Amino acid sequence: MKVGVVMGSTSDLGVMQGAFEILDSFGVEYEKKVFSAHRTPVALEEWIKGARSRGIMAFIAGAGGAAHLAGVVAAHTTLPVIGVPIMSKALRGLDSILSTVQMPSGIPVATVAIDGAKNAALLAIEIMGVTDENMHRKLREFREEQARKILETEI
């Protein structure tokens, strides 16, 4: 099982690195690509269309500004799509989150917080955990470790 991770520009790499770190820590394979929903729509569609045969079971799509990338991915697949709105200069990510979350009925995109690539990866792992007991176990251990760290914190 793999995750397809796509970003609209190499400028999104800093944010999307958080998703790669989480996926790596869980041992999840992934493909990472840069495609523009507006400038490379044909290449994006071709990559999406062959995803299932390559073992991809969910997508993470990060984009800023007119962040239509996740929606375009969702339009071309029935696999789950998780959108990561990226902070923008003009509207501090408000434009990105609205472009990602406001999808028409029938073409859903699960949307995380602005710059929330880590949570996008965790959501993809949760999706995998529905059928993969090993992923479910790793996620449970991750959550237990988070709780342990908080409970051990002294102020």
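Modeller: Contact here means heavy atoms within 4.5 Å, and the model is a predicted one. By that criterion V15, M16, G18, A19, E21, I22 and L23 in helix 1 meet A117, K118, A121, L122 and I125 in helix 5. The residues of this contact divide into nine nonpolar, one polar and two charged. Helix 1 covers residues 13-25, and its axis comes within 7 Å of the axis of helix 5, the two crossing at roughly 35 degrees; the crossing of helix 1 and helix 5 is right-handed.

Turning to the other partner, helix 5 (residues 117-129) also packs with helix 6 (residues 133-151), at an angle of about 135 degrees and with the axes 8 Å apart, which makes helix 5 oblique to helix 6. The crossing of helix 5 and helix 6 is left-handed, whereas that of helix 1 and helix 5 is right-handed. On the side of helix 5, the residues that meet helix 6 are L122, I125, E126, M128 and G129, and their counterparts in helix 6 are M135, H136, L139, F142 and R143. The residues of the contact of helix 5 with helix 6 divide into six nonpolar, two polar and two charged.

Technical notes:
Residues numbered from 1 in each chain as written. Predicted model: local features only at pLDDT ≥ 70, side-chain atom pairs only at ≥ 80, totals over all residues. Heavy atoms only, no water. Axes fitted to C-alpha atoms, helices over the stretch in contact; angles between N-to-C directions. Helix = DSSP H or I, 4+ residues; strand = E, 2+ residues; numbered from the N terminus. Parallel < 35°, antiparallel > 145°, perpendicular 65-115°, else oblique. Left-handed = near helix turned anticlockwise from the far one by under 90°. Nonpolar A, V, L, I, M, F, W, Y, C, P; charged D, E, K, R; others polar.
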